[in-house]
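Thanks for taking a look at this one with me. Please open the model alongside this note, and we can go through it point by point.

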Amino acid sequence: MLTIRAMTLAAALLTAPLIGAETLLVVAKSGDALHFVDPGSGLRLASAKVGRSPHEVSRSPDGRLAAVTNYGTQAEPGSSVSIVDLETAAELRRIDLGAHARPHGVAWFADDRIAVTTQGSRHLLLLDPDAGRIVSAIGTDQEGSHMVAIASGAVRAFVANTASGSTTAIDLASGRKLGDVETGKGSEAIAVTPDGGEVWVAARDTGAITVFDARTLEISARLSLAGAPIRIAFSPDGGTAFVSCAASSEVVAFDVRARREIARRRIDVEVPESARSRPSASLALGSVLPVGLAVSPDGASVFVAASMADKVVQLATPGLEMLRVFDVAGEPDGMALTPVMPKAECHACEAPAESAPRD
């Protein structure tokens with residue numbers, strides 16, 4: 001016989017607007033976990049324990065597995081990547097990176113290859129997830145190698161280097177560094193357009209987005225954007241770029257072809273008092289610290305991790321109206337979407353998220 005709580009959860013799932021068969025993966029930075037969230041209802045379906053202080057996640061091309069970078073803390077730097085089975089919501093193995101400390105950015109770009117930046121050793125590593133080993137270690141020779149993006153066709157990788165204010169281009173076939181593009185102090189947010197033609201890099205300290213050609217590395221535009229831009233994600237059709245701004249608590253949308261801002265939304269949610277003592281609070285005082293972004297496959301909405309508020313916010317496109325607010329404990333950061341629903345029993349499902357009024 002169903003309990004009242006079970007019936008409530010079932011009703012929430014049945015009445016929630018459908019977004020397709022997708023599961024939202026959310027890294028819990030201070031929870032040492034990867035959460036599985038139903039994007040239609042906000043219910044937490046399952047959680048997988050990973051390494052200390054994880055930051056980013058990337059799913060495999062078939063959507064069955066995910067790689068999570070275990071960055072660690074200032075006192076105890078991490079040096080591992082967790083491979084998580086998305087059907088069972090469990091860590092399969094943990095790949096030891098040895099001397100390559102502080103893994104951060106991650107891109108699972110082929111069935112048997114994962115690209116990972118290691119901020120501590122200034123490298124881009126190529127991993128074999130099945131063998132659980134490093135296949136290649138490519139030096140960037142730049143400080144703060146933080147995030148990575150892969151061009152379509154898996155020909156080139158681009159690494160954003162925060163301290164050096166640059167972006168490094170790497171040929172994946174030869175494992176050779178091609179050069180560095182000056183993209184501004186605090187270069188962190190990075191994404192390649194879906195057609196593979198352009199690389200967009202946002203520098204949080206400089207307050208600007210640099211756009212350059214993925215093949216020639218020639219800069220074609222610089223767009224001013226205050227508020228410490230920290231992540232970039234494109235709509236599936238490549239027409240819109242979404243940027244989260246850590247200091248101003250905003251998400252900003254750009255028309256990619258016209259190179260102009262088309263929408264802006266402040267993420268106005270409550271920050272719990274307990275979060276104000278977190279080390280990350282100093283990054284943007286008074287902000288909800290919007291960081292990770294994930295765009296729905298149909299391009300109709302974008303999810304943003306409000307890290308300081310322990311929430312994920314869903315915004316409608318193109319106007320960025322607020323649709324829902326989900327409670328996601330443990331300082332949510334990197335996110336990804338997968339068509340796989342975890343088979344683990346939902347023993348710890350949370351209450352449905354509150355819907356926000358559209359304006």
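1. Which residues have the most contacts inside the largest nonpolar core? They are Ile 267, Val 269, Val 313, Leu 315 and Leu 320, in a core of 27 residues. A nonpolar core here is a set of buried Ala, Val, Leu, Ile, Met, Phe, Trp, Tyr and Cys residues joined through side-chain atoms within 4.5 Å. Two or more residues each come from β20 (229–234), β22 (250–255), β24 (290–295), β25 (301–306), β26 (311–316) and β27 (322–327). In soluble globular proteins, nonpolar side chains tend to be buried together.

2. A word on the ground rules. This is a predicted model, with local features needing pLDDT of at least 70 and side-chain atom pairs counted only at pLDDT 80 or more, while totals for chains, interfaces and linings use all residues. Residues are numbered from 1 along each chain as its sequence is written, and side-chain values use heavy atoms, leaving out hydrogens and water.

3. On confidence, pLDDT (the predictor's confidence in each residue, from 0 to 100) has a mean of 90 for the protein, and 87% of residues reach 70 or more. Please treat residues 1–20 separately: their pLDDT is below 50, and the stretch has 20 contacts in the model beyond near neighbours in sequence. Contact means heavy atoms within 4.5 Å.

4. For the overall picture, the secondary structure comes to one helix and 29 strands; helices (H or I, at least four residues) and strands (E, at least two) are DSSP runs, numbered from the N terminus. Of the 359 residues, 61% count as buried, where buried means under 20% relative accessible area, exposed over 50% and partly exposed in between (1.4 Å probe, protein chains only). Among contacts between residues at least 6 apart in sequence, 45% join residues at least 24 apart.

5. Setting aside neighbours within four places in sequence, Leu 320 is in contact with Phe 242, Val 251, Val 252, Ala 253, Ala 263, Arg 264, Arg 265, Val 302 and Leu 315.

6. Next, the aromatic pairs. Rings of Phe, Tyr and Trp (its six-membered ring) pair if their centres lie within 6.5 Å; planes under 30 degrees apart count as stacked, over 60 as edge-to-face and the rest as tilted. The count comes to three. One of them is Phe 158 with Phe 212, edge-to-face at 5.9 Å centre to centre and 65° between the planes. Phe 158 sits in β13 (156–161) and Phe 212 in β18 (208–213), so this pair ties together parts 54 residues apart in sequence. Phe 158 is buried at 0% relative accessible area, and Phe 212 is buried at 0%.

7. Trp 200 and Phe 234 also pair edge-to-face, at 5.8 Å centre to centre with 85° between the planes. Trp 200 belongs to β17 (198–203) and Phe 234 to β20, so the parts they tie together are 34 residues apart in sequence. Trp 200 is buried at 0% relative accessibility, and Phe 234 is buried at 11%.

8. Phe 212 has a strand partner too: its bridge partner in β19 is Ile 219. Five bridges join β18 to β19 (219–224), and the two run antiparallel; strands pair if DSSP finds at least two bridges between them. Five residues lie between the strands of this hairpin, where Leu 217 takes a positive phi near 70°.
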